[in-house]
Amino acid sequence: RGANYLGLCPFHNEKTPSFTVSPQKGIFKCFGCGESGNVASFIMKYENVSFPESLRILAKKYNIAIEERELTDEEQEERKERDALFIVNEFAQQYFRDILKNNHEGKAIAMPYFQERGIRPDTIEHFELGYCSSATNDLATKAIALGYKKEFLVKLGLVSDVGERLYDKYRGRIIF
């Protein structure tokens, strides 16, 4: 139809074509089931493969050589550290959300502030907003007790390392 192709959707059963492909834009959209995306995501969904595997399929089809190599020990260490930082950040996010919902201070200070600003509970949940306790080192203490490394907390900027003490940087603040 025009510059686009129209056909039956490969992702659901239908009698009337609702699957549109735009070759110029390199995208597809099914107006029946709502599936949409680009060439790589189409192959991922249709062949049930990962993103890297979909790229390999495309490269093979168009005779494009992909050079793959093993990571060096240094690169593997960097990747491990990066993954660890993501895990610590995930913990901090859960901590802040938990303080907002279950801590007296979060309920007494942060929630009324959100209500004053017209921020609804579903918005708080959707954007995963939180609150950091005003205690000097509550986040640091809990994180270290759970086995998270102090160096990662400092590197992420969640805590300050002053001498032998750790201080939460965001204490008493709402976290976005």
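These legends describe an overview and close-up views of one predicted model.

**Figure 1. Overall dimensions of the chain.** The chain holds 7 helices and 8 strands (DSSP runs numbered from the N terminus: H or I of at least four residues for helices, E of at least two for strands). Its radius of gyration is 24 Å, well over the 16 Å that the globule rule gives for 176 residues, so the chain is more spread out than a compact globule (C-alpha atoms; the rule is 2.2 Å times the number of residues to the power 0.38). The C-alpha trace spans about 65 × 50 × 25 Å along its principal axes.

**Figure 2. The pair of Phe11 and Phe42.** The whole structure contains 11 aromatic pairs (rings of Phe, Tyr and Trp, the last by its six-membered ring, with centres within 6.5 Å; planes under 30 degrees apart are stacked, over 60 edge-to-face, the rest tilted). Phe11 and Phe42 pair edge-to-face, at 5.6 Å centre to centre and 65 degrees between the planes. Phe11 lies in the loop between β1 (5-7) and β2 (19-22) and Phe42 in helix α1 (residues 39-47), so the pair ties together parts 31 residues apart in sequence.

**Figure 3. The aromatic cluster.** Phe11, Phe19, Phe28, Phe42 and Tyr46 form one cluster.

**Figure 4. Lys29 and Phe31.** The charged end of Lys29 sits over the ring of Phe31, 5.7 Å from its centre (NZ of Lys or CZ of Arg within 6 Å of the ring centre and within 35 degrees of the ring normal).

**Notes.** Residues are numbered from 1 along each chain as its sequence is written. Local features need pLDDT of at least 70, side-chain atom pairs 80 or more, while totals for chains, interfaces and linings use all residues, and side-chain values use heavy atoms, without hydrogens and water.
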